[in-house]
Amino acid sequence: MMQTRRVLAGMSAAVLVLVGGASANAAPINVPWSPDDRQDTEVQFESGGTTFYGSFRSPIGATRGAALLLPGSGPTDRNGNQAGGITPNTLAYIADALADTGIATLRFDKTGSGRTGLGGFDPADLPGFVDQVDAAEAALTVLQERTGIDGPAVLGHSEGALTTMSLIERGASTGPVGLLEPPAIRYLDLLSAQVNASFDRGIESGQLTAEEADGNRARLSETVAALRGGQALPYPEDPVLTSIGLSAVNAKFLAEADAVNPVASAVRSDVLLTCSAKDLNISCAQTDGLFETLDGADVDYVRLANASHTLGELGPLPATGLDIYVPLPLSSEFRGALDAWTDRVFG
């Protein structure tokens with residue numbers, strides 16, 4: 001068991017951080033590098049009986065467009081950060097970059113993060129993925145009302161891209177779409193691939209025997225089957241599975257997110273699609289499959305060489321999964337691709 005615990009210490013940085021880690025105590029982080037002429041304006045809106053808090057960022061100069069920014073998995077705040085020292089600032093960097101090109105943005109603290117906190121939710125009965133999409137749709141309405149722009153762009157990072165796809169599936173009024181390091185296969189398939197890769201690394205490093213890994217894989221497979229079948233989790237107290245969010249409190253969210261099939265997405269507009277060779281969570285091979293299904297869409301597909309999963313600039317450094325704790329600047333490759341896409345779709 002001690003070997004398994006050592007493996008878990010490394011797994012948390014390499015797999016999706018799920019909503020079960022929600023905390024009501026993480027304060028929103030300001031963006032200290034923003035000059036005075038682009039200060040954020042605090043906004044709030046209601047969804048499902050919860051008050052969500054966020055930031056509206058005015059553009060520099062004339063307004064060319066507007067974009068809703070949606071973060072990745074877990075209790076992620078408006079800047080793309082989480083409690084516990086995870087501060088990639090992904091969404092704050094993107095908001096800065098878009099402001100420079102005349103694009104107004106709205107980003108907000110997800111449930112369990114920042115000023116939003118847990119809202120009125122019971123920690124033992126957390127919201128599902130559909131609730132997350134509801135909140136994003138409410139934020140989209142706020143952005144439309146704030147800017148007078150009907151059909152703003154929506155840029156979703158990681159799990160936020162899945163939320164973006166779901167907004168489009170339900171017919172929300174959206175314009176250009178950014179799918180940034182998106183899940184390109186079903187949620188539980190992606191999670192399983194990430195966890196199994198961690199088991200492989202555990203075997204290679206001697207922290208886990210092949211027999212221990214096989215047992216973990218079997219329990220993982222049974223748990224996925226139970227979630228997809230609407231059944232009770234077979235191993236609700238398993239330390240390996242619960243450490244990555246496969247617990248009863250997250251069952252609703254996981255089942256609802258897994259029901260969204262990215263390759264059947266209804267995305268049919270101007271799309272910025274990215275992947276990175278140094279993304280340990282999502283592979284370009286997976287994203288290739290998503291790209292092939294975006295028939296009828298005008299897609300800028302950008303394969304980055306040196307960006308982390310959170311779009312940080314790794315340069316020549318290898319990805320380790322621990323870079324989420326390092327204050328990396330925004331990937332220069334991504335910034336260039338974002339600027340080019342913005343110029344194309346907003347004129």
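Helices (H or I, at least four residues) and strands (E, at least two) are DSSP runs, numbered from the N terminus. The model is predicted, so local features need pLDDT of at least 70 and side-chain atom pairs count only at pLDDT 80 or more, while totals for chains, interfaces and linings use all residues. Residues are numbered from 1 along each chain as its sequence is written, and side-chain values use heavy atoms, with hydrogens and water left out.

The sheet is considered first. Eight strands form an open sheet in the order S1-S2-S4-S3-S5-S6-S7-S8, and the pairing is mixed. Two strands pair if DSSP finds at least two bridges between them. Strand S1 (41–47) and strand S8 (298–304) stand at the edges. Each has a single partner strand, so one side of each lacks a neighbour in the sheet. From one strand to the next, the twist averages 20°. Strand S5 (residues 153–157) and S6 run parallel and are joined by four bridges. In this pairing, His 157 stands opposite Leu 180 in S6.

Helix H10 (residues 332–346) lies across strand S3 (65–70), S4, S5, S6, strand S7 (270–276) and S8. H10 runs at about 170° to S7. Axes here are lines fitted to C-alpha atoms, for helices over the stretch in contact, and angles run from 0 to 180 degrees between N-to-C directions.

Helix H8 (residues 251–258) has the buried residues Phe 253, Leu 254, Ala 257 and Asp 258. Buried means under 20% relative accessible area, exposed over 50%, and partly exposed in between (1.4 Å probe, protein chains only). An α-helix has 3.6 residues a turn, so residues three or four places apart point the same way. The buried residues of H8 pack against H3, H4, helix H5 (187–205) and H6.

Two packed helices are described by the angle between their axes and the distance between the axes. The axes of H5 and H8 come within 7 Å and cross at roughly 110°. H5 and H8 are therefore roughly perpendicular to each other. Angles of 65 to 115 degrees count as roughly perpendicular, under 35 as roughly parallel, over 145 as roughly antiparallel and the rest as oblique. On H5, the contact is made by Tyr 187, Leu 188 and Asp 189. On H8, Phe 253, Leu 254, Ala 257 and Asp 258 take part. Contact means heavy atoms within 4.5 Å.

The structure holds 22 salt bridges. A salt bridge is a side-chain nitrogen of Lys or Arg within 4 Å of a carboxyl oxygen of Asp or Glu. One of them joins the side chains of Arg 57 and Asp 96, at 2.3 Å from N to O. This pair links distant parts of the chain, 39 residues apart: Arg 57 is in strand S2 (residues 50–57) and Asp 96 in helix H2 (residues 90–100). Arg 57 counts as buried because its relative accessibility is 0%. Asp 96, at 8%, also counts as buried. Asp 40, Arg 57, Asp 96 and Arg 107 are linked in a network of salt bridges.

A salt bridge also joins the side chains of Arg 170 and Asp 134, at 2.8 Å from N to O. Arg 170 lies in the loop between helix H4 (159–169) and strand S6 (177–180), and Asp 134 in helix H3 (residues 129–147), so the pair ties together parts 36 residues apart in sequence. Arg 170 counts as partly exposed at 36% relative accessibility, as does Asp 134 at 29%.

Arg 219 forms a salt bridge with Asp 238, with the closest N and O atoms 2.7 Å apart. Arg 219 lies in helix H6 (residues 210–228) and Asp 238 in the loop between H6 and helix H7 (239–243), so parts 19 residues apart in sequence are tied together. Arg 219 counts as partly exposed at 23% relative accessibility, whereas Asp 238 counts as buried at 11%.

Two further residues were examined. Thr 111 is found in the loop between strand S4 (103–108) and H3. Its relative accessibility is 13%, so Thr 111 counts as buried. Leaving aside neighbours within four places in sequence, its contacts include Phe 52, Pro 75 and Phe 121. Ser 166 is found in helix H4 and counts as buried at 10% relative accessibility. Not counting residues up to four places away in sequence, Ser 166 touches Phe 129, Val 133 and Val 260. Ser 166 and Val 267 are 101 residues apart in sequence, and their C-alpha atoms are 9.4 Å apart in space.
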